[in-house]
Amino acid sequence: VQLQACGGGLVQAGGSLRLSCAASRGTFSTYGMGWFRQAPGKEREFVAAISRSSSTYYADIAKGRFTISRDNGKNTVYLQMNSLKPEDTAVYYCAATRGVTGSTYGDYDYWGQGTELTVSS
């Protein structure tokens, strides 16, 4: 499967943004999907994930502010981000797994190229 993330940009603190990740060359509904992010000088970290059955999982950094969802008809996974903070500034990556929908880098088989979010204070 190939993944193409988009939707990043520049937003003020307190604002909202929705990231999208479109999948191709695969049966989207058979993959668990995840979002990770990597800030400058930091390691890639888990943000949220959604299983094939649409169960959702969130890192503490995302709980209450971010919502992950999927549209199997459009082969797309979304990450709605609200109440954004400057510390949310990072490159956001989507990922797909044929295995367990986990929260670690190694749980995922395929990765998109990333979309950059900058939150200004």
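Reader: Where in the chain does Ser 83 lie?

Author: Strands are runs assigned by DSSP (E, at least two residues) and helices likewise (H or I, at least four), both numbered from the N terminus. Ser 83 sits in the loop between strand 8 (76–81) and strand 9. The model is a predicted one, in which local features need pLDDT of at least 70 and side-chain atom pairs count only at pLDDT 80 or more, while totals for chains, interfaces and linings use all residues. Residues are numbered from 1 along each chain as its sequence is written, and side-chain values use heavy atoms, with hydrogens and water left out.

Reader: What is the phi of Ser 83?

Author: Ser 83 is not a glycine, yet its phi is positive, at about 50 degrees. As for exposure, a residue is buried under 20% relative accessible area, exposed over 50% and partly exposed in between (1.4 Å probe, protein chains only). Ser 83 has a relative accessibility of 41% and so counts as partly exposed.

Reader: Where does Arg 25 lie, and is Arg 25 buried or exposed?

Author: Arg 25 belongs to the loop between strand 3 and strand 4 (32–38). With 70% relative accessibility, Arg 25 counts as exposed. Its phi is near 60 degrees, a positive value in a residue other than glycine.

Reader: How many helices and strands does the chain have?

Author: The chain has 0 helices and 11 strands. Read along the sequence, the pattern is β-β-β-β-β-β-β-β-β-β-β.

Reader: How many disulfides does the structure hold?

Author: In general, a disulfide is a covalent bond between the sulfur atoms of two cysteines. Here the criterion is a pair of cysteine sulfur atoms within 2.5 Å. The structure holds 1 disulfide. Its partners are Cys 21 and Cys 94, with sulfur atoms 2.0 Å apart.

Reader: Which parts of the chain does the pair Cys 21 and Cys 94 tie together?

Author: Cys 21 is in strand 3 (residues 17–24) and Cys 94 in strand 9 (residues 90–97), so the pair ties together parts that are 73 residues apart in sequence.

Reader: Why is the disulfide of Cys 21 and Cys 94 right-handed?

Author: Because the torsion about the S-S bond of Cys 21 and Cys 94 is about 60 degrees. Both cysteines are buried.

Reader: Which residues does Cys 94 touch?

Author: A contact is read as heavy atoms within 4.5 Å. Leaving out residues up to four places away in sequence, Cys 94 touches Leu 3, Ala 5, Cys 21, Gly 34, Trp 35, Tyr 110, Trp 111 and Gly 112. The relative accessible area of Cys 94 is 0%. Gly 114 is 20 residues from Cys 94 along the chain, and their C-alpha atoms are separated by 7.0 Å.

Reader: Is Val 119 buried or exposed?

Author: Val 119 is buried, at 5% relative accessibility, and lies in strand 11 (residues 115–120). Its contacts, not counting residues up to four places away in sequence, include Val 11, Gln 12, Ala 13, Leu 84 and Pro 86. Glu 87 is 32 residues from Val 119 in sequence, with 7.5 Å from C-alpha to C-alpha.

Reader: How many residues apart in sequence are Gln 113 and Pro 86, and how many Å apart in space?

Author: Gln 113 and Pro 86 are 27 residues apart in sequence and 22 Å apart in space, C-alpha to C-alpha. Gln 113 is found in the loop between strand 10 (110–111) and strand 11, and is partly exposed at 42%. Beyond residues up to four places away in sequence, Gln 113 touches Leu 3, Gln 4, Ala 5 and Tyr 93.

Reader: What radius of gyration does the chain have?

Author: The radius is taken over C-alpha atoms, and the globule rule is 2.2 Å times the number of residues to the power 0.38. For 121 residues a compact globule would have a radius near 14 Å; the chain has 13 Å, which agrees. Along the principal axes, the C-alpha atoms fill a box of roughly 40 × 25 × 25 Å. Of the 121 residues, 43% count as buried. Among contacts with a separation of 6 or more, 57% come from residues 24 or more positions apart.
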